[in-house]
Amino acid sequence: MEGPIHAPLRHFTASDGLRLGYRAHRCGLPEAPALVTLHGLASNGTRFSEFCAHSRLRDTWDLYQPDLRGHGASMTRKAFSRWLWCQDQISLLDREGHGQAVFMGHSLGAQVAMELAVRHPDRVRALILIDPVFPEALRGVLAVVRRLNLLNCLLVPPVRLIGRIFAASRRFPYRDLHALDAQARQRLEEGELQDIVRLYMSPRADLRFLPLANYLQDLREVVRPLPHPAQIKQPVLVLQSGESGISDPRTNSRQIQLFPHLERVHIDANHWLLTEKPQEARAVIDQWCQGQA
């Protein structure tokens, strides 16, 4: 009988005292390698629940699904940034007793993984980047956000202050992204979903699950400059979509090929590879990780 998709929530205390949530699949083997998953904008750790539940790595690896600060079970109305997200992952490794981990990030999570590899190279064993987003490649709404980023940065502090004063008691529901993925997959198969970007990039839907200030901070981090790929010396696996509704694939490709130790796999999907092609993506990740063990 198949077990539950979602592992139970755990919590740990970050370096600044904030209580953060995560899920863990411990294999029970001594000194098992660790894989930490990093979700994207307005998301949470359940983005990777299906992967962790079915991955062959479960038998020999410890798998962790943190909710990034400001999201899900790591909710806060305090300021956060890509730098703080990196610090939190180091605290998680310390909490679970791992010196290093492979970090797997999707979209914004891939940006966090890249930052980690540069800021804490001794703690990052390798990177798996699922359709990484480079700011210069953004298009559509996110390209507009990038051009208006100074205004967004100016808006964040007063919006955060207003939320802390007038809506501090509001509690946000926890979003089950596996359930959303299952619905999206069924609609794709039945031909009812023509634009997956509108489903997964809807501010109206996202703001049911996190404060406006947190959403604006996510947008700010998405468009911030990234470390240059040549700075990342660890092995890198990139799963790149055939097309993307949020970034230009050709510009992304030019940046991706600058990683010194790169393996790249193209998957015919539109940015949400684990939603659209979960088995294909999982098979690539499992095989590559087993080669890193």
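Which residue forms a salt bridge with aspartate 62, and how far apart are the closest N and O atoms? The partner is arginine 26, and the closest N and O atoms are 2.9 Å apart; a salt bridge here is a side-chain nitrogen of Lys or Arg within 4 Å of a carboxyl oxygen of Asp or Glu. This pair links distant parts of the chain: arginine 26 lies in the loop between β2 (19–25) and β3 (34–38), and aspartate 62 in strand β4 (residues 62–66), 36 residues apart.

Colleagues, a word on the basis of what follows. The structure is a predicted model, in which local features need pLDDT of at least 70 and side-chain atom pairs count only at pLDDT 80 or more, while totals for chains, interfaces and linings use all residues. Residues are numbered from 1 along each chain as its sequence is written, and side-chain values use heavy atoms, with hydrogens and water left out. Helices (H or I, at least four residues) and strands (E, at least two) are DSSP runs, numbered from the N terminus.

I begin with the salt bridges. The count comes to 14. In the opening pair, aspartate 62 is buried, with a relative accessible area of 2%, whereas arginine 26 is partly exposed, at 42%. Buried means under 20% relative accessible area, exposed over 50%, and partly exposed in between, with a 1.4 Å probe and protein chains only.

A second pair is glutamate 96 and arginine 10, whose side chains meet in a salt bridge of 3.3 Å, N to O. Here too distant parts of the chain are linked: glutamate 96 belongs to helix α2 (residues 82–96) and arginine 10 to strand β1 (residues 9–13), 86 residues apart. Glutamate 96 counts as buried because its relative accessible area is 9%; arginine 10, at 33%, is partly exposed.

Arginine 224 and glutamate 221 form a further salt bridge, with their closest N and O atoms 2.6 Å apart. Glutamate 221 is buried, with a relative accessible area of 1%, and arginine 224 is partly exposed at 27%. Salt bridges that share partners also join Arg10, Arg26, Asp62 and Glu96 into one network.

I turn to the pockets and cavities. On a 1 Å grid over the protein atoms alone, a cavity is a set of points where a 1.4 Å probe fits but cannot get out; a pocket is an open set with protein on both sides within 12 Å along at least five of seven lines; and lining residues have an atom within 4 Å of a point. Grid points are joined across faces, edges and corners, and a volume is the space filled by probe spheres set on the points.

The largest pocket has a volume of about 300 Å³. It is lined by 19 residues, of which Gly72, Met75, Thr76, Phe172 and Phe209 are the closest to its centre. The lining divides into seven nonpolar, five polar and seven charged residues. In this scheme Ala, Val, Leu, Ile, Met, Phe, Trp, Tyr, Cys and Pro count as nonpolar, Asp, Glu, Lys and Arg as charged, and the others, Gly among them, as polar.

The second largest pocket holds about 210 Å³ of space. Its lining includes Arg139, Val141, Leu142, Met201 and Tyr215, and divides into nine nonpolar, two polar and one charged. Helices α4 (141–147) and α9 (212–223) each supply at least two of the lining residues. The largest share, three residues, comes from α4.

The largest cavity has a volume of about 220 Å³. Of its 21 lining residues, Gly40, Leu41, Tyr200, Met201 and Trp272 are the closest to its centre. Two or more lining residues come from each of α3 (108–119) and α6 (177–189). The lining comprises 12 nonpolar, six polar and three charged residues.

The second largest cavity has a volume of about 60 Å³. Among the residues that line this cavity are Arg47, Glu50, Asp181 and Arg282. Helices α1 (49–54) and α12 (278–292) give two or more residues to that lining, which divides into four nonpolar, no polar and four charged.

Finally, strand β8 (residues 262–270) contains glutamate 263. Glutamate 263 is partly exposed, at 41% relative accessibility. Its C-alpha atom is separated by 9.6 Å from that of isoleucine 128, 135 residues apart along the chain.
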